[in-house]
Amino acid sequence: MKPAILGISGLSLTGEERALFRDHAPRGAILFKRNIADPAQLADLTAELKAILPAGAVLMVDQEGGRVARLRSPHWPELPAAGTLKTEAEAYAHGQALGEMVRKAGFTCTAAPVLDIRIPGASDVVGDRAITGDAETVGRLGGAIARGIIEAGILPVMKHLPGHGRALVDSHVALPVVPELTRDDLIPFIANKDLPWAMTAHVVYEQYDRFNPGTLSEIVIRDLIRGEIGFQGVLVSDDLAMGALSSDPNPASRARRALAAGCDIALYCPGDFAGNRAVLEAL
């Protein structure tokens, strides 16, 4: 399998997408609102993806609860944002409900839990997606969410290593620059370093690498994510189409750079055929 997880364009696979996925088998696919109409349509789409993708490929959805949810009412239950959770029992139940929802919808992986800490005055791109501002609580409750997801038979992806909470701008739009991380930013990830998958952040951490965002920084991945945090599992890039990486307009180049820096999988979400083909042919 090529080390990429890719979006698709619509409610069903096009002929071009089928041929591309057969010829360049990616590590998985990720679905968004544009790909989901109702349970019957989604069942057909996930069944087709599972038939085309190789054994062991993942079907991912970016489903956290709260405002980050691709499965929505009236067809699926609305789960609260992680910032509403107060106890380990609530967090575990949240993870289990989340995992069961995405499993029944045909997925094998969800991009949760968020283990960033909530910082007053920072961009609301994290906001109530974060459990709280207390690092120990984020680590404890975030771990409970992950255990609930795993108990439901779904692969969790903790995010965004090594910490997105201090970013003052939304990395979907522009590149955040964080002068300094503290130990608190790392504590939730250290507490959950044995989880199987994690996702990077498109943030420049000036104390480590003034020139490259974490996703594209060998220094950040080697010394901080693999070193100080101690995460040794599968490291997935955040979406390589985000505005934070717009200084490099070539998706193939972004994917190569992410893997060269130490990511295991390049995530490219918009579903444009030209971008998908460029990424797969480059890897």
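1. The largest pocket of this predicted model has a volume of about 310 Å³, and of the 21 residues that line this pocket, the closest to its centre are Asp62, Arg70, His172, Asp238 and Met242. A pocket here is an open set of points on a 1 Å grid over the protein atoms alone, with protein on both sides within 12 Å along at least five of seven lines, while a cavity is a set of points where a 1.4 Å probe fits but cannot get out, and lining residues have an atom within 4 Å of a point. The pocket lining divides into 10 nonpolar, four polar and seven charged residues.

2. On the basis of the record, this is a predicted model in which local features need pLDDT of at least 70 and side-chain atom pairs count only at pLDDT 80 or more, whereas totals for chains, interfaces and linings use all residues. Residues are numbered from 1 along each chain as its sequence is written, and side-chain values use heavy atoms, with hydrogens and water left out.

3. Asp62, one of the residues closest to the pocket centre, forms a salt bridge with Lys159, the closest N and O atoms being 2.8 Å apart. This pair links distant parts of the chain, with Lys159 in strand β5 and Asp62 in the loop between β3 (58–61) and α3 (88–104), 97 residues apart. A salt bridge is counted when a side-chain nitrogen of Lys or Arg is within 4 Å of a carboxyl oxygen of Asp or Glu, and the count comes to 15.

4. Strand β5 (residues 155–161) runs parallel to strand β7 (residues 197–200), joined to it by four bridges, and the bridge partner of Lys159 in β7 is Met199. These strands belong to an open sheet of eight strands in the order β9-β7-β5-β4-β3-β2-β1-β10, with parallel pairing, where two strands pair if DSSP finds at least two bridges between them. The edge strands, each pairing on one side only, are β9 (234–236) and β10 (266–268).

5. The bond from Lys159 to His160 is cis, with omega near 0°, and His160 lies in strand β5. The bond from Ala112 to Pro113 is also cis, with omega near 10°, and Pro113 sits in the loop between β4 (109–110) and α4 (135–151).

6. Ala112 and Pro113 are also among the residues lining the largest cavity, whose volume is about 70 Å³. The lining of this cavity divides into seven nonpolar, one polar and two charged residues.

Methods. Grid points are joined across faces, edges and corners, and a volume is the space filled by probe spheres set on the points. Ala, Val, Leu, Ile, Met, Phe, Trp, Tyr, Cys and Pro count as nonpolar, Asp, Glu, Lys and Arg as charged, and the others, Gly among them, as polar. Helices (H or I, at least four residues) and strands (E, at least two) are DSSP runs, numbered from the N terminus.
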